[in-house]
Amino acid sequence: MAKLSIKGLIESALSFGRTLDSDYPPLQQFFVVMEHCLKHGLKVRKSFLSYNKTIWGPLELVEKLYPEAEEIAASVRDLPGLKTPLGRARAWLRLALMQKKMADYLRCLIIQRELLSEFYEYHALMMEEEGAVIVGLLVGLNVIDANLCVKGEDLDSQVGVIDFSMYLKSDDDIGGKERNEQIAAILDQKNYVEELNRQLNSTVSSLHARVDSLEKSNTKLIEELAIAKNNIIKLQEENHQLRSENTLILMKTQHHLEVTKVDVEAELQTYKHSRQGLDEMYNEARRQLREESQLRQDMENELVVQVSMKHEIELAMKLLEKDIHEKQDTLIGLRQQLDEVKAINMEMYQKLQVSEDAMKEKNEIIGRLEDKTNQINATMKQLEQSDKDLLTQTRTIAMSFVKCASNEAQHQYKLVKDISF
């Protein structure tokens, strides 16, 4: 039925020749058939009041597997007229058809069999190979342009009934093979163009990503080149300075050598007549020459050491500046914390003053209450004493009354006795 519904919808839509709406009968039947396919083998879930079967659970899972489906899921949840999960599932199918992504969404869903097993039985249509076949057939629906109004439609209370009369073949259908072949060729061409368009879009997006990465790498290389040029200029300046210092040292050494040579020549002319000290003077001059050359070599080595020490000193200065900046930041933070602590101390001192004033008032009130309590205790003692006096008076009166009553009774008894006698 899914194959017949999809095929009939494509053929009728191409012959219809314009955008489909919600009242188009083949389109309504397609949604009914898809709903039955998704309900096949669905596990029964316990709810608070009863048992129910809903296809919104697996469809809601698509947004976790396919990031582009987050928008359609959010749109379905935001629709105001939907109250049941089945209504949300129907709205989701209609929006997916309008986006021409129904096949992609369901293909992404049936690949994850272990996730589908939570919603479907093992013999369900979506768990079998027929589910993959139906998803492949849904790719052909990308040739259809649908304009469906989901917002005002009552999707919760619709009753899905399959109209089999739409799929019964007639003689006209048997005779229209050429038209079907032309429609199939057009569909193939449109699918090819849309697939080519998708590939080109993916290629363009990948090229954009590569261009962005190349631009970023180019900017990084330009910055590195500028830094390298600055370093080269600094090194050239240092090299020029070192060369000037080297030439100055060389000139001094040459001058010293010339002076030494003049001295040697003068000494040779002076002691020319003395053959005995000539060898000694010559050896002395050679020794001095070696010492001067060794001194020159030592000075050059010391120059190299000074240059390396200069680099180390510059590096140490940079580290020291960085440490100083960090300590300044820490000092600023500590000052801010000190100001906050001072503000808190002032606030606590004010609260302490207020609490001391309140404590003084309470102590005064307590003193007053103690005075009143003492007065009440004295009054109570007086009342108790008056109660005791009143009780004694009452007892005496009662005793006198009892004596009078007894005397009266005896008198009456005597009277009665006299009368009877």
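**Close-up views of a predicted model**

Figure 1. The volume of the largest cavity is about 40 Å³. Its lining is made up of Ser 22, Leu 27, Gln 28, Phe 31, Arg 94, Leu 148 and Glu 153. Helix H2 (residues 25–39) gives the largest share of the lining, with 3 residues.

**Figure 2. The chain as a whole, for orientation.** Here we step back for a moment to see where the other views belong. The protein chain has 12 helices and 2 strands, which follow one another along the sequence as α-α-β-β-α-α-α-α-α-α-α-α-α-α. Of its 421 residues, 21% count as buried. Among contacts with a separation of 6 or more, 73% are between residues 24 or more positions apart.

**Figure 3. Val 143, a buried loop residue.** Look for Val 143 in the loop between helix H9 (129–138) and helix H10 (171–175). Its relative accessible area is 6%, so Val 143 counts as buried. The C-alpha atom of Val 143 is 9.0 Å from that of Ala 13, although the two are 130 residues apart along the chain.

Figure 4. The model has 13 salt bridges, and two of them can be viewed together at Arg 77. With Glu 60, the closest N and O atoms are 3.1 Å apart. Arg 77 lies in helix H5 (residues 70–78) and Glu 60 in helix H3 (residues 56–60), so this pair ties together parts 17 residues apart in sequence. With Glu 63, the closest N and O atoms are 2.3 Å apart. Glu 63 is buried at 17% relative accessibility, whereas Glu 60 is partly exposed at 28% and Arg 77 is partly exposed at 36%.

Figure 5. Arg 287 and Glu 291 meet through their side chains, at 2.5 Å from N to O. The two sit about one helical turn from each other because they are 4 residues apart in helix H12 (residues 275–420). Both ends are partly exposed: Arg 287 has a relative accessible area of 36% and Glu 291 one of 42%.

**Figure 6. Glu 238, buried without a salt bridge.** Glu 238 belongs to helix H11 (residues 177–270). This buried residue has no salt bridge, and Lys 310, the nearest side chain of opposite charge, is 5.2 Å away. Beyond its neighbours within four places in sequence, Glu 238 is in contact with His 311 and Glu 314.

Methods:
Residues numbered from 1 in each chain as written. Predicted model: local features only at pLDDT ≥ 70, side-chain atom pairs only at ≥ 80, totals over all residues. Heavy atoms only, no water. 1 Å grid on protein atoms, 1.4 Å probe; cavity = no way out; pocket = protein on both sides within 12 Å on 5 of 7 lines; lining within 4 Å. Points joined across faces, edges and corners; volume = space filled by probe spheres on them. Buried < 20%, exposed > 50% of the residue type's maximum accessible area, 1.4 Å probe, protein only. Lys, Arg positive; Asp, Glu negative; His and termini not counted. Salt bridge = Lys/Arg side-chain N within 4 Å of Asp/Glu carboxyl O. Contact = heavy atoms within 4.5 Å.
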